[in-house]
Structures are given as C-alpha cells and as structure tokens.
Amino acid sequence: MSFERPHERPAIPTYRIMDSEGVIVDPANKPDVPSEEIVRWYKTMLQVSIMDVIMFEAQRQGRISFYMVSAGEEGIAVGSASALIPEDVVFSQYREPGVFAYRGFTLKDFMSQLFANKYDTSKGRNPPVHYGSSRLNMHTISSTLATQIPHAAGAAYAVKMRGLQDPTLPKRVVACYFGEGAASEGDFHAALNIASTRHCPVIYICRNNGFAISTPTLEQYSGDGIASRGVGYGIDTIRVDGNDIFAVRQATLKAREMALEDGGKPILIEAMSYRVSHHSTSDDSFAYRAKVEVEQWKRRDNPITRLRKWLEGQGLWNDQMEQEERSKLRKEVLKEFSAAENEKQPPLVSMWTDMYEELTDEAKTQIKELRDIIERYPDEYDLSAFEGGIESLK
Amino acid sequence: MKLADEFGSERVFNTPLSEQGIVGFAIGAAAEGMKPVAEIQFADYSYPAFDQLVNEAAKYRYREGSTGRSAGGLVVRMPCGGVGHGAMYHSQSPEALYSHIPGLRVVMPRSPSQAKGLLLSAILDANDPVIFMEPKILYRSAVEHVPAQSYTISLDGAEILKTGDSVTVVSYGHPLYTCSQAIAAIERDFKGVTIELIDLKSIYPWDRNTVLKSVQKTGRTVVVHEAMRNLGVGAEVAATIQDGAFLRLEAPVQRVTGWSTHVGLLYDKYNHPDVVRVYDAIKKTLDY
C-alpha cells in the first residue's frame, strides 16, 4: 500500500528562455522573431506601465473612481498576446491591459472606458479597467472572479463548432486569463473539467503573482501551485517564468498549436510573477507585506527591464531611445487623458437600455417616472454632463 | 426523441455534473453567437449556477453595451414544482428568485402544446436569456394534441384562458388546472358568478396591462402559485393591482400559495394550493 504524497513529488519546473540579466539561457532557443516585432512588445509594455503611473495618480486626485495597475505582469500579457492570431477570442480577469494594448485597443479606447464617457463601449456601466472590444474579439471584463473561465470553455466549443461548419474560417482558439486566487473558485474547477471532457480548444493562462489582494499563496493552496491541478483534469500543462516574455510567448505558441490538435483540447499555462503593485487603488499592500520585499522584486527582476537588457545587448535599444519613447508615450497618454476627461457622459437612458434586447414596458414606465421627478425638482439634479440631458428620457 | 442520435454527439451531449459549469459553458457559447439550450436536472439544483445566471447571463448585454455581445441565445430549462413526493429538493419553484433579476426572462408553460410553442420562441425568437421552468408533474399527466410542425407562442403577454366578470384569478403553470376546477365548482355553487382566469405564462417581464384590465372589470383578484407566499410572484401582482386599480378594488387581493416553509415529504398535499384553498379564496373575495 502506498499513498501518493504530493510534497514528495518534485515541483513542476519553470520554463525559461532568458535569465534576469536578459541573457538567453539556451542558445538553441533564440527568439526567431524580427527585431522590430520585439521592439514593439517592449514599447507596448512601456505604454501600459506609463499609463498605469498616470492613471493611478489620476485616481489619487479623484479624477477617476478606481484603477488597477499591472506592474510586474506586463510580460505575461504581451508575450502571450503575441502568440495569438487576431481572430482568437480572449477572456480576461482585469490585470491584462497589455493584451488589449497589443491587440490594438487604443489609448482613446482605454481613456474612454476609464472616464466612462460617451465613447465607452459599456456606456458608463462598468467601473474603470473593465475593458472590452468586439473589433479585437475581447469579451468585456466583469468584476466577478473566475466566471469567465467556464465562459471560455463554452466559447471555445462554439469556435470549434463554427470551424466544423465552415472549414474556410481560420483555425481559432480561445485564451482565458485569471489569477491564482481566482483559481480557488468553483468556476475554475467546473471549467477545466468541462473544457477537458468536451475537448475545447482553449488556453488557460494563470497569472500566479503571489497574492490575492492580501492573501499570500501559502493560504491560497497547499499543492504545487495551479499547474499541478491541470494534470488532474487530464490537461497538458506548463509552468513558465512570467517575467520572461520569450518564455511566455514560446509556451503560448506551442499551447495554441496543441490546443488545435486532436479535434481540440484545453492547455494550462501557469505564469509565475510577482504583483509589484498594490492590488488596486483601494488597497495599501504595505499593510500585509514588507515594502523592502516589493523593492527587492522591483530591483531584482521585472519583465520590462529584463527585455530592455536583452534589447540593449542586441544593440536595439539605448538610454536615449528609452528617454524619447517614454516622453512620447507620456505625451500621448496625457493627450488622450484630457480629451477623454472633457467628453460628455453617455445618455442617462443607458441606465435601462441593453438590459433586454428591447426596452420592456416596465422600463419605459420607470424612465417616465425618473423624467417626471427630474422635471419637478430641476435644482436637485445636474444632467449637464449627460449627452442629450433630460431629452434621452422619453 | 433520441435527439443525440438524430443530431449527433457534438450537438447533444452530457456534461460533467456541475451546474455552474453547465450554465457558465452555455453562456460562453451564447456570447459567441450560438443558441445553447442548457438543462438543469431539477430547478432545486439551479442555485450552484445562480452566480452565472444573475451576474453573467443577465448582465452580459448590459455590460458589453455597444460591442453588441450578449448571452441572448441562452435558454436554461429546468423541471420545477411539486410531484407529491418530491420533498425538499425535487419540488421547488424558484421563479420569484429569477424574476428579481433584470435581464432574465422567466417563463413557465401549462401544457404540452403551449410548452412547445413557448420553448421554440425562447430558443428561436427571444434574444434574451430565458429561464424555462417546466412543471414536471405535467411531464406525463398532461396529454393533448400538439402540432408536429414548428410554431411559436410569443413570450410577451399573458393569456386569458376564460373570461368572466366577478373575479380575476391569476396563475401560471400547473396550478392553472387547480384553478379551473375550483372555478367550475364556484360557478356551479354561486349562480350568476363568472370568473376570469389568466395564465401569466411569462413571469418576468410580465403583462401588467392584461391583469390590470381584467381587475378594472372584476374588482376582485386571487393569485395562485406553488412557491411560498413571502415575496412570491403574488406579492408583485398584488402590489401592481393596488397601484393600478386601487379605485376599482372591492376586496383585498387574495394569495393562495405554498406556505412559507419547506416542502417536507409528508406535507406536500397540505403545502401546495389545492382546489379547496382556491375555492375558499374565491369565495372569501366574493363574500367580502
């Protein structure tokens, strides 16, 4: 009789291509991507980090209601996004703006959502950082953790069925992102299991950044991270160094290829990183972790500086280019910031529209009720920021 | 029916035993433009999927906004209601829970031909997520002619099953049969009394106008449903009537419902509305 003892098993290794000094560990693994493309990855990560600093500050000044930065995790987002085709469908949690930026979400798109102005696709209904885009095949983010994980399985099944019906369509997968905390939800279990039994071409990408708000992974799970679970569901799984953009890209490329094999199947990637930032603008993380630990991480390793070291080693980047790019990006962000801040808000009737495909009689009655109240107490309500003012309520 | 044999295992298939997985999976497929018809084995077991239904299916179109995505293609079928021996977990009627959620349509048919028309409408026409609750006591007991060809019955609007001038009885699903029997007895026992019977069929969004119009005529209402009384559908109907027909009311709105307790095995017969209780409520409102 022999019990399987998880702690006696070797931990699943972490795949790495480039070390923290930006040196390729195994020369056989050299990135075979045009250098302009790699520079584009770098600029995309830089853009996200610059936007993060500005918008975090904007929240502190009360100009937007909420913000979440993705410092330390830009490499996971951009590296994996670079391995997808534009037709691949993406579900994200909320700390993946790099995926949006890489796929073509513009600064205007980001700012419109953050300021909830009339160009915000959700019409001012979602809190900041809940991006979405139909053009980019990215489903709109919802705050509820892990609910998107079974959605991704179902969407992957739909994508697969569409492909069977119309073989001229490009072969597509679904990519789904979540944190290691979200992986404790029942939806994670439900999703990986059904994705596996229904043979869904979906790549699950877990960002294991060490913390779920204040909860360290020691209190999140006692197995070998998230990766060890994939095997239990019969899912091919890999753990990668999330600060190594080459490793993330390479693993996602291979995962994409495998996900389309054998009539479709799910793949799990656990990308290890460290949440350098506070959880959100509503969190002061020094209440539960030492500042020195964060500083060490920032200094020791970071996906942006790691790629920068590699680029400099290749003669593709230098201090001057860095300064110019940073100042250019900063200007661009600030330009879209003030443009977005000064736009009108969506029409007030958006409070009711899109609840059902058509307005219900009940909604129409309530719209009239609100209009009546506002008309009879005009000094109590300021509708000047809303597109169309009271006229949208009719 | 052998749907899997006819349409293939890619379109009709088993899932792992996980309600949140079933509904989450179906929402994802719907959000990519498919028309999934998910089944929850008993309405009593729909709660593990409550988060997916309330926070995801119901809000998908709203939070996506102008991207145009929604879970509108989704239909979730669930057998509901008492069968006499279902006890706590094979008897529930959670329609009021789902009717409190903007974005969901809640529908309950009363008969085979209505079930077919409403279900086809839920799948083919309604571009909103639909909770389709099927009174399982009728699965084998209700027999009637059902056209073989495809047809739909609109989810919008209530249906007046029988016209009358003295009392309006509002119900849906299986208790409509109980109501019909009680009404026949009342009309036999009280000469000149005629009762109007309304099948809501869509529990949310629901047809307030048809109910109010009827009450404007009769001035008296009895609402009948199996689910418990507190904050049940009857509460919303009663409140709507006091708001919209106050000056015409000649008696308080009566509610004949499940008692505000669980469905214990032995007590089924005494819990759900029966002909006696409906008869008595109509009598009380007439006598008021």
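Predicted model: local features only at pLDDT ≥ 70, side-chain atom pairs only at ≥ 80, totals over all residues.
I will start with chain B. DSSP runs give chain B 12 helices and 10 strands. The C-alpha atoms of chain B fill a box of roughly 60 × 45 × 40 Å along the principal axes. For 288 residues, a compact globule would have a radius of gyration near 19 Å, and chain B, at 19 Å, agrees with that.

Next, the domains of chain B. In their contact, domain 1 of chain B contributes 28 residues and domain 2 of chain B contributes 25 residues. About 1,900 Å² is buried between the two domains, with carbon and sulfur atoms giving 60% of that area. On the domain 1 side, the residues that lose the most area to domain 2 are Glu95(B), Met108(B) and Arg110(B), which together make up 28% of what that side buries.

What about polar interactions between these domains? There are 11 residue pairs in polar contact between domain 1 and domain 2 of chain B, counting pairs with both residues at pLDDT 80 or more. The elements giving two or more residues to the domain 1 side are helix H5 (95–99), strand E3 (105–107) and helix H6 (112–125) of chain B. By class, that side has 15 nonpolar, 10 polar and three charged residues. Two salt bridges cross this domain interface. Arg110(B), already named for its lost area, forms a salt bridge with Glu159(B), where the closest N and O atoms are 3.2 Å apart.

Now the interface between the chains. Chain B puts 44 residues into the contact and chain A puts in 48 residues. The buried area between chain B and chain A is about 3,700 Å², and carbon and sulfur atoms give 56% of it. On the chain B side, Phe25(B), Glu32(B) and Tyr62(B) lose the most area to chain A, together 20% of what that side buries.

How many salt bridges does the rule find across the interface of chain B and chain A? The rule finds one. Arg208(B) forms a salt bridge with Glu362(A), with the closest N and O atoms 3.5 Å apart. Polar contacts between chain B and chain A come to 26 residue pairs, both residues at pLDDT 80 or more. On the chain B side, two or more residues each come from helix H2 (19–31), helix H3 (50–57), helix H4 (60–64) and helix H9 (208–218). H2(B) supplies the largest share of that side, eight residues.

Last, chain A. Its assignment gives domain 1 (10–342) and domain 2 (348–392), and the C-alpha centres of these domains lie 38 Å apart. Over all chains, a search of the whole structure finds 50 salt bridges. One within chain A pairs Lys123(A) with Asp354(A), the closest N and O atoms being 3.0 Å apart. Lys123(A) lies in the loop between helix H4 (107–114) and helix H5 (148–165), and Asp354(A) in the loop between helix H11 (319–341) and helix H12 (361–376), so this pair ties together parts that are 231 residues apart in sequence.

Methods
Residues numbered from 1 in each chain as written. Chains lettered and ligands numbered in written order. Heavy atoms only, no water. Contact = heavy atoms within 4.5 Å. Buried area = accessible area lost by both parts, 1.4 Å probe. Salt bridge = Lys/Arg side-chain N within 4 Å of Asp/Glu carboxyl O. Polar contact = N/O pair within 3.5 Å; in protein donor to acceptor, adjacent residues only side chain to side chain. Helix = DSSP H or I, 4+ residues; strand = E, 2+ residues; numbered from the N terminus. Nonpolar A, V, L, I, M, F, W, Y, C, P; charged D, E, K, R; others polar. Rg over C-alpha atoms; globule rule 2.2 N^0.38 Å. Domains from an automatic or database assignment.
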